[in-house]
Amino acid sequence: MTVTRASTGGLLRYFLYLGSLGFGGPVALVGYMQRDLVERRRWFTREEYLKSLALSQLAPGPLAAQLAICLGYVHSRVSGATLVALVFILPSFLMTVALGWLYVRFGGLTWMQAAFYGVGATVIAIITHAAYKLAKLTLAADRLQWAIFAVMGLVTAWTESEIAALFVLSGVVALVVQAPPAFLKRADTACLAVATPDLLAQIFWFFAKAGAFVFGSGLAIVPFLYGGVVQEYRWLDDRQFVDAVAVAMLTPGPVVITVAFIGYLVASGPGAVAAAVGVFLPVYLFVIVPFPWFDRISGNAQVKAFVGGVTAAASGAIGGACVVLARRAIIDVPTALIALVALGVVWRFKLPEPFLIAAGAAVGLAIFWLRG
């Protein structure tokens with residue numbers, strides 16, 4: 001595959017666009033990066049993309065942001081990772097803080113929930129198509145990887161979570177089957193509060209733990225956030241937490257940006273900053289610290305097999321996440337019809353995703369108005 005590496009400015013413009021208009025959550029964002037940067041623009045090789053995806057899935061933190069930072073590192077090392085992180089995260093952060101201000105000012109987001117009624121179903125169509133494209137890219141005709149994909153898809157759909165140990169186990173299985181080390185071969189022949197410093201530190205530390213210890217996509221981080229934000233610290237009630245997740249789905253960029261909305265409700269602007277820095281700082285460090293080491297050993301046959309297993313597991317988990325999200329977004333006949341129409345459009349035509357999202361939001365508002 002011939003690659004024409006983008007200029008730094010071109011790469012940053014792309015991630016600024018993706019952070020500003022990339023709807024659909026981690027599954028869709030990962031699919032957009034594969035489609036735009038590997039297939040269409042050929043700025044990265046398939047191997048560079050898959051290696052970055054594997055490291056992103058092995059490390060804790062939100063998947064889409066991790067992958068974006070990895071690709072920035074591949075392009076221009078630490079400076080690329082840093083700049084990509086900023087332009088990718090900042091647009092959705094600013095939008096989320098603005099929505100937080102509106103939420104506090106006007107006391108709720110009924111109009112947003114009405115729009116999300118249609119947006120959610122539309123997003124399911126987008127991420128299903130993205131998951132299909134990603135599986136085709138990563139798995140090819142490898143039967144073992146398709147088996148891993150199927151198992152992880154079923155586990156994720158059934159448990160509604162992404163189990164970190166299974167990603168590692170998938171890598172080990174692929175390693176043992178496809179490139180067993182020498183010792184295994186030998187064995188085979190034998191056998192809104194006041195933003196005080198203390199509160200801001202508490203917010204930062206809680207969200208830093210979320211960024212450092214929760215694996216997978218925004219889907220995996222939501223239960224962790226609920227346990228701390230609602231049950232442990234009682235910063236928000238159930239309704240406010242659901243609204244925060246709705247904000248994350250309605251704004252472009254990484255779904256985990258919901259932490260900025262939560263931080264704003266707890267401690268205004270400083271709380272939003274503390275929450276966002278807390279959750280994304282570990283993500284950034286988990287790229288720039290291990291990537292050089294990961295890059296040096298990635299050509300090893302055992303490492304390749306391990307990474308292939310992890311990548312298949314990641315694709316399966318993403319497919320399972322589509323099922324989990326669909327159960328939440330498709331709740332009646334109208335949303336099922338919205339999802340089917342949107343899936344047909346995205347499969348047949350190259351219509352920009354923001355137009356589909358806007359159409360879904362308009363349909364959702366119209367339905368709520370008619371039911372009114």
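Guide: First, a term: buried means under 20% relative accessible area, exposed means over 50%, and partly exposed is in between, with a 1.4 Å probe and protein chains only. This is a predicted model, where local features need pLDDT of at least 70, side-chain atom pairs count only at pLDDT 80 or more, and totals for chains, interfaces and linings use all residues.

Now the setting. The protein has 16 helices and 0 strands. Here helices (H or I, at least four residues) and strands (E, at least two) are DSSP runs, numbered from the N terminus. Of the 372 residues, 55% are buried.

On to the charged pairs. Side chains of opposite charge can pair when their charged atoms come close. A salt bridge needs a side-chain nitrogen of Lys or Arg within 4 Å of a carboxyl oxygen of Asp or Glu. By this rule there are 4 salt bridges.

Take Asp332 and Arg371. They form a salt bridge, with their closest N and O atoms 3.5 Å apart. This pair links distant parts of the chain, 39 residues apart: Asp332 sits in the loop between helix H14 (301–329) and H15, and Arg371 sits in helix H16 (residues 353–371). Asp332 is partly exposed, because its relative accessible area is 24%. Arg371 has 52%, so it is exposed. Elsewhere, salt bridges that share partners join Arg35, Asp36 and Arg40 into one network.

Look inside that network. Asp36 bridges to Arg35, with the closest N and O atoms 2.8 Å apart. Asp36 also bridges to Arg40, where that distance is 3.8 Å. Asp36 and Arg40 both lie in helix H2, 4 residues apart, or about one turn of the helix. Arg40 reaches 48%, so it is partly exposed.

Arg42 is in the loop between helix H2 (25–40) and helix H3 (46–58). Arg42 has a positive phi of about 55°, although it is not a glycine. At 40% relative accessibility, Arg42 counts as partly exposed.

Go back to Asp332, which has another partner. Its side chain makes a polar contact of 2.8 Å with the side chain of Thr335. A polar contact is a pair of N or O atoms within 3.5 Å; within protein, one must be able to donate a hydrogen and the other to accept it, and residues adjacent in sequence count only if both atoms are side-chain atoms. Thr335 belongs to helix H15 (residues 333–348). Its relative accessibility is 0%, so Thr335 is buried. Which residues does Thr335 touch, not counting residues up to four places away in sequence? They are Tyr117, Ala121, Ala329 and Ile330. Contact here means heavy atoms within 4.5 Å.

Arg234 lies in the loop between helix H10 (218–232) and helix H11 (238–250). Arg234 also has a positive phi of about 55° without being a glycine. Its relative accessibility is 66%, so Arg234 is exposed.

For rings, the rule is this: those of Phe, Tyr and Trp (its six-membered ring) pair if their centres lie within 6.5 Å, and planes under 30 degrees apart count as stacked, over 60 as edge-to-face and the rest as tilted. The count comes to 9 aromatic pairs. Tyr233 and Trp235 make a stacked one, 4.5 Å centre to centre with 10° between the planes. Tyr233 is partly exposed, because its relative accessible area is 22%. Trp235 has 15%, so it is buried. Ring pairs also link Phe206, Phe207, Tyr233 and Trp235 into a cluster.

Terms used
Residues numbered from 1 in each chain as written. Heavy atoms only, no water.
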